[in-house]
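I set out to record what I looked up in this structure, entry by entry.

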Amino acid sequence: MKKPTIPVKVGNITIGGDHPIVVQSMTNTDTADVIATVKQCAELSKAGSELVRITVNTEEAAQAVPKIRTQLEKMGLNIPLVGDFHFNGHKLLSKYPDCAQALEKYRINPGNIGRGNSRDDKFAQLIDIAVKNDKAVRIGVNWGSLDQELMARMMDENNHLSEPREPTEVMHDALITSALDSARLAEQQGLAKNKIVLSCKMSGVQDLIKVYQDLSQRCDYALHLGLTEAGMGSKGIVSSTAALAILLQQGIGDTIRISLTPEPGASRTTEVQVAQEILQGMELRTFTPTVIACPGCGRTSSETFQHLAKDIQHYLKDSMPKWRDQYPGVEALNVAVMGCVVNGPGESKHANIGISLPGNGEKPVAPVYEDGVKTVTLKGAHIAEEFQTVVSNYIESHYHKASS
């Protein structure tokens, strides 16, 4: 059961409360390059990112933000933009009010604002701008840029205890303290509680789980989840999934980002796909029809079922942008592509549509089931094309939006 948090409105998206967990991502373009940034924002939005964060680190980047917003709107994309600020956000937002207005949320890191009174003044300036523009703020603490003054003070206090805690425990507590103290200061500065999102990011799975479990018990702010610097490829995917799945199962988290290092030149959209697959695999949200397929073994006589499963999966995924409006509810569709008689008919009957391809020694025919009932038996060289037609006809007949 999802734990109740204070909902935060970010453009046309709401984070927290009883709302679905929001998928977000971040560009890696130079924000000052308007064309490249607009292109990547559009790609991420098309992939399913419901918020997109962009780096705002220079005057050129700040000047580009309103142009990026305008171009996206011309393309019919209403995706909320989040500005990522470190070190000089107070200056950029003050000097470029059009940038402050074009963004829907500001991400600020208490550890990267400054020191002592200077930090408090800069933080207050950022919050004042957010209040003036009616914008949400994510106070994002990161273990790699934790406020060193706070950390040193808490370590010193710990050393004077009769039974000092482990340094890791103190660091966890310092992360949470930094986030909560900053949120309290933001509220004192006039930022409403329903404008605040918190995050405490770590790069270790067990560290992240422990910090968010504690944080969720100490506040009701909306929480942003993500394993920072998760890494590349399967390592980053597995680590992020391991950490977030546990927290999400416990009802912790209102929006997620999968911080993957992409392969050189590779699309940034993989992090969106992984986030969606985590949520769909846990049955928290549905984004695209599910293809169930067996792994294959010595009983499967060919790679036919592998090719068919792959083709069907690509067909469904590629069709979703068009189908979302045309066929409401189609994202909940289940399709089974099985390779032999052992589990083939059973899995096929449990799916909305299923096909059981022949394995070693089986008759060269492939029965097709729709909602548990065998409707046709396919055979010959064109099983793949014929099965795709069956899937298309099923979608048309079961999900077609009635004309108003």
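I note at the outset that the model is predicted.

**Entry 1, pocket.** I looked up the largest pocket and found about 770 Å³ of space in it. I counted 25 lining residues. Nearest the centre of the pocket I noted Gln273, Gln276, Glu277, Thr288 and Lys317. I then sorted the lining by class, which gave 10 polar, 8 nonpolar and 7 charged residues.

Helix α11 gives the most, with 9 residues.

I turned to the largest nonpolar core, which has 80 residues. Tyr106, Leu198 and Leu215 touch the most other members. Helix α7 (residues 167-188) provides the largest share of this core, 9 residues. Apart from this core I found another, of 31 residues, including Leu316, Ile353, Ile355 and Val390.

I listed the contacts of Tyr106, leaving out residues up to four places away in sequence. Among them are Gly83, Phe85, Leu93, Ala100, Ile129 and Ala130. The list also includes Asn133, Lys135, Ala136, Val137 and Arg138.

**Entry 5, hairpin.** I examined strands β16 (residues 366-370) and β17 (residues 373-378), which run antiparallel and are joined by 5 bridges. Glu370 stands opposite Val373 in β17. The hairpin has 2 residues between its strands, and I noted that Asp371 takes a positive phi near 50°.

Conventions. Residues are numbered from 1 along each chain as its sequence is written. This is a predicted model: local features need pLDDT of at least 70, side-chain atom pairs count only at pLDDT 80 or more; totals for chains, interfaces and linings use all residues. Side-chain values use heavy atoms; hydrogens and water are left out. On a 1 Å grid over the protein atoms alone, a cavity is a set of points where a 1.4 Å probe fits but cannot get out, and a pocket is an open set with protein on both sides within 12 Å along at least five of seven lines; lining residues have an atom within 4 Å of a point. Grid points are joined across faces, edges and corners, and a volume is the space filled by probe spheres set on the points. Helices (H or I, at least four residues) and strands (E, at least two) are DSSP runs, numbered from the N terminus. Ala, Val, Leu, Ile, Met, Phe, Trp, Tyr, Cys and Pro count as nonpolar, Asp, Glu, Lys and Arg as charged, and the others, Gly among them, as polar. A nonpolar core is a set of buried Ala, Val, Leu, Ile, Met, Phe, Trp, Tyr and Cys residues joined through side-chain atoms within 4.5 Å. Buried means under 20% relative accessible area, exposed over 50%, partly exposed in between (1.4 Å probe, protein chains only). Contact means heavy atoms within 4.5 Å. Two strands pair if DSSP finds at least two bridges between them.
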